[in-house]
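Me: I have a chain open on my screen and would like to go through it with you. Could we begin with its surface and then turn to the details?

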Amino acid sequence: MRIYTHPACLWHDTGPEHAERPERLRSVIDALIAAFPELDWREAPRASRGQLLRAHAPDLLQAVLETNPRERMLLDPDTVLSPASAEAALRAAGAGVAAVDAVLGDTTTRAFCAVRPPGHHATHDVAMGFCLFNSIAVAALHALDAHGLERVAVVDFDVHHGNGTQAIFERDPRVLYASSHQWPLYPDSGARSETGVGNIFNAPLPPETDGARFRAAWSGSLLPAIDAFRPQLLLVSAGFDAHRRDPLAELRLEAGDFGWIARELVQLANRHCRGRIVSMLEGGYDLEALAESSVAHVRELLA
């Protein structure tokens, strides 16, 4: 198993009071090194302009890559562009592309991208919700267009709905998107009625949902939908902010629940994808919970 990361992902400066801060990634990296000294760490390359344009409009690339701010600036009330943000965003998206190349090239079966900024809120043409580029969408389109896959599933258990990922793929039947998320909560999308062209599966969860209800939602509807789709590759938006200690939401999951969903996804991948999974870090804002949950997630991917 490979872990993709890059020092540039720590340089993205969101400011001293921002929830999506460099310490998040440092806590994940330190926890994985301590728990799994045998992991194969790789430096994430930059995503190319062509790879990004599969998912994003030229105007968004220009805003992120060519603004070149001399100090922090806000793209929206939550989303920051700093002098080092462009490089971080290129490396985060590039990690997903490189991981897809690795698993589809049979040099590894699974990969985890320990990167920031997160990506699943970024739409085709708008950076939002802490996200600059939608790295999981870039990875999925790379698998489809560069590697010729016909069916890719994107699994998202971040506590916030991945509105950007859904919007990019809701008219693309090659991609199944399955998400559990707190409802109501930012970004106010992800209703069960949002089904795309039959390829979107949302399981909104009320505040105070615990692990048992989370597992029931996945076992009852989302995992069967993925199984029926028979994906050739599983991509995971691995957000750990549904943990009970997270300050930005109100679900009540434990690290073991994230281990459980990873274990279920491994079984699906073994059945349909020759075991191939690429997972990318999304949210998670309590450092201790984030570290514990990342370790639980990666432990099951190693199985």
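Predicted model: local features only at pLDDT ≥ 70, side-chain atom pairs only at ≥ 80, totals over all residues.

**Surface, fold and backbone**

Me: What about the inside: what percentage of the residues count as buried?
Reply: Of the 303 residues, 62% count as buried.

Me: How many helices and strands are there?
Reply: The chain has 10 helices and 10 strands. Its radius of gyration is 17 Å, close to the 19 Å from the globule rule for 303 residues, so the chain is as compact as a globular protein of that length. Along the principal axes, the C-alpha atoms fill a box of roughly 50 × 45 × 40 Å.

Me: Which contacts join residues at least 24 apart, as a share of those at least 6 apart in sequence?
Reply: Such contacts make up 76% of those between residues at least 6 apart in sequence.

Me: Let us turn to helix 2. Which of its residues are buried?
Reply: They are Arg 24, Leu 25, Ser 27, Val 28, Ile 29, Ala 31 and Leu 32. In an α-helix there are 3.6 residues a turn, so residues three or four places apart point the same way.

Me: What covers those buried residues?
Reply: The cover includes strand 1 (2-5), strand 2 (40-43), strand 5 (110-113) and strand 10 (277-281), together with helix 1 (8-11) and helix 10 (287-301).

Me: How far does helix 2 reach?
Reply: Helix 2 spans residues 22-35 and reaches 20 Å from its first C-alpha to its last, close to the 20 Å expected.

Me: Changing topic, where are the cis peptide bonds at Pro 117 and Pro 184?
Reply: One joins Arg 116 and Pro 117, with omega about 5°; Pro 117 is in the loop between strand 5 and helix 6 (135-145). Another runs from Trp 183 to Pro 184, with omega near 0°, and Pro 184 sits in the loop between strand 7 (175-182) and strand 8 (200-205).

Me: What is the phi of Asn 68, and is the residue buried or exposed?
Reply: Asn 68 has a positive phi of about 50° although it is not a glycine. Asn 68 lies in the loop between helix 4 (58-66) and strand 3 (73-74), and is exposed, with a relative accessible area of 58%.

Me: And Arg 274: what is its phi?
Reply: Arg 274 has a positive phi of about 55°, although it is not a glycine. The residue lies in the loop between helix 9 (255-272) and strand 10, and counts as exposed at 56% relative accessibility.

Terms used
Residues numbered from 1 in each chain as written. Heavy atoms only, no water. Helix = DSSP H or I, 4+ residues; strand = E, 2+ residues; numbered from the N terminus. Expected span 1.5 Å × (residues − 1). Buried < 20%, exposed > 50% of the residue type's maximum accessible area, 1.4 Å probe, protein only. Contact = heavy atoms within 4.5 Å. Rg over C-alpha atoms; globule rule 2.2 N^0.38 Å.
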